[in-house]
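Please open the model in your viewer and keep the sequence panel beside it. The tour below moves from one selection to the next and says what is there at each stop.

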Amino acid sequence: VALQYAHKPGMAEALNRYLAEKCREFPGKVSGLATVFPGEDGAGRILREAFESGLAGLKLHAHVQCFDMNADEMEPIYDCCRSNHKPIVMHVGRQPKSEAYRCDLDRICSAEKLDRVLRDYPGLRVCVPHLGFDETGAYRTLIEKYDSLWLDTTMVLTDYFPLPEAVDLKKYRPDRVMYGSDFPNIPYAWDRELKCLLKAGLPDSDLEWVLGKSARSFFNLNP
């Protein structure tokens, strides 16, 4: 699954055309997610056209795009995804932070805000990367509350982040957790998280969900 995001208005359409082309170039091997910049003119149209071109969902990154997920400008985006049965991978956890980000992440990112989105848009499928770090407990509660919410494991299992305690995946709902790699933009070996995941003590049936079945369910992928 290839993810991209526009960091300013006016570039999403070109990015979507490029990724749709790559998906056609490698049929059955690449599933691409669209991008749109929240609040830009014609956001709903841009997203609809991206889905018509074959893109399989949407990637949003609040840290880079500086959107508030409860703002009015998000309505056409959520409506378009829900009406087209397309999922959103939405980085709205507060971590990892960077001095390069130009917005107050504590103000725009919270599990409480996402709770409101999932309540107001029933059936809208959302995946939050990094298990929602640094509110992992709150996001773990949300996947018990909503069947439309998934979490991915990216970078959280590798001892890379300064977590107060190790993540215990045995406490999570396995059908709503998926392995995430962030490859190739990771600061360690590509298989480090996979090795940590295999040491997590999960039963084989749960590992099957985390390593494949959850993603196939979320993205509507054929095995």
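On this tour a residue is called buried if its relative accessible area is under 20%, exposed if that area is over 50%, and partly exposed in between, with a 1.4 Å probe and protein chains only. The model is a predicted one, in which local features need pLDDT of at least 70 and side-chain atom pairs count only at pLDDT 80 or more, while totals for chains, interfaces and linings use all residues. Residues are numbered from 1 along each chain as its sequence is written, and side-chain values use heavy atoms, with hydrogens and water left out.

**Stop 1: Leu-197**

Begin by selecting Leu-197, which is found in helix H8; helices (H or I, at least four residues) and strands (E, at least two) are DSSP runs, numbered from the N terminus. Leu-197 has a relative accessible area of 1% and is therefore buried. Which residues does Leu-197 touch, not counting residues up to four places away in sequence? With contact taken as heavy atoms within 4.5 Å, they are Leu-157, Leu-169, Tyr-179, Leu-202, Leu-207, Val-210 and Leu-211.

**Stop 2**

Select Thr-154 next, in the loop that runs between strand E4 (149-152) and strand E5 (177-178). Is Thr-154 buried or exposed? Thr-154 counts as buried, because its relative accessibility is 2%. Leaving aside residues up to four places away in sequence, Thr-154 touches His-130, Phe-161, Gly-180, Ser-181, Asp-182 and Glu-193.

From that list, move on to His-130, whose place is in the loop between E3 and H7. His-130 is buried as well, with a relative accessible area of 3%, and its phi is near 60°, a positive value in a residue other than glycine.

**Stop 3**

Most residues other than glycine have a negative phi, and most peptide bonds are trans. With that in mind, select Phe-133 and Asp-134, which are joined by a cis peptide bond with omega about 15°; Asp-134 is found in the loop between strand E3 (126-128) and H7. Another cis peptide bond leads from Phe-183 to Pro-184, where omega is near 10°, and Pro-184 has its place in the loop between E5 and helix H8 (192-198).

Then go to His-85, in the loop between H4 and strand E2 (88-91), where phi is positive, near 55°, although the residue is not glycine. Is His-85 buried or exposed? His-85 is exposed, because its relative accessible area is 60%.

**Stop 4**

Two packed helices are described by the angle between their axes and the distance between the axes. Before looking at such a pair, select helix H2 (residues 43-52), in which the buried residues are Ala-43, Gly-44, Ile-46, Leu-47, Ala-50 and Phe-51. Because these residues cover an arc of only 165° around the axis (taken from the directions from the helix axis to the C-beta atoms), they lie on the same side of H2. Among the elements that cover them are helix H1 (12-25), strand E1 (58-61) and helix H4 (75-83).

Keep H2 and H4 on screen together, as their axes come within 8 Å and cross at roughly 25°; axes are lines fitted to C-alpha atoms, for helices over the stretch in contact, and angles run from 0 to 180 degrees between N-to-C directions. That angle makes H2 roughly parallel to H4, since angles under 35 degrees count as roughly parallel, over 145 as roughly antiparallel, 65 to 115 as roughly perpendicular and the rest as oblique. On the H2 side, Ala-43, Gly-44, Leu-47, Arg-48 and Phe-51 meet Pro-76, Ile-77, Cys-80 and Cys-81 of H4. After H2 comes Gly-54, with a positive phi near 110°.

**Stop 5: helix H6**

Finally, select helix H6 (residues 111-120) with helix H7 (residues 136-145), which pack at an angle of about 15° with their axes 10 Å apart. H6 is therefore roughly parallel to H7. Ala-111, Leu-114 and Asp-115 of H6 make the contact with Ala-138, Tyr-139, Leu-142 and Lys-145 of H7.
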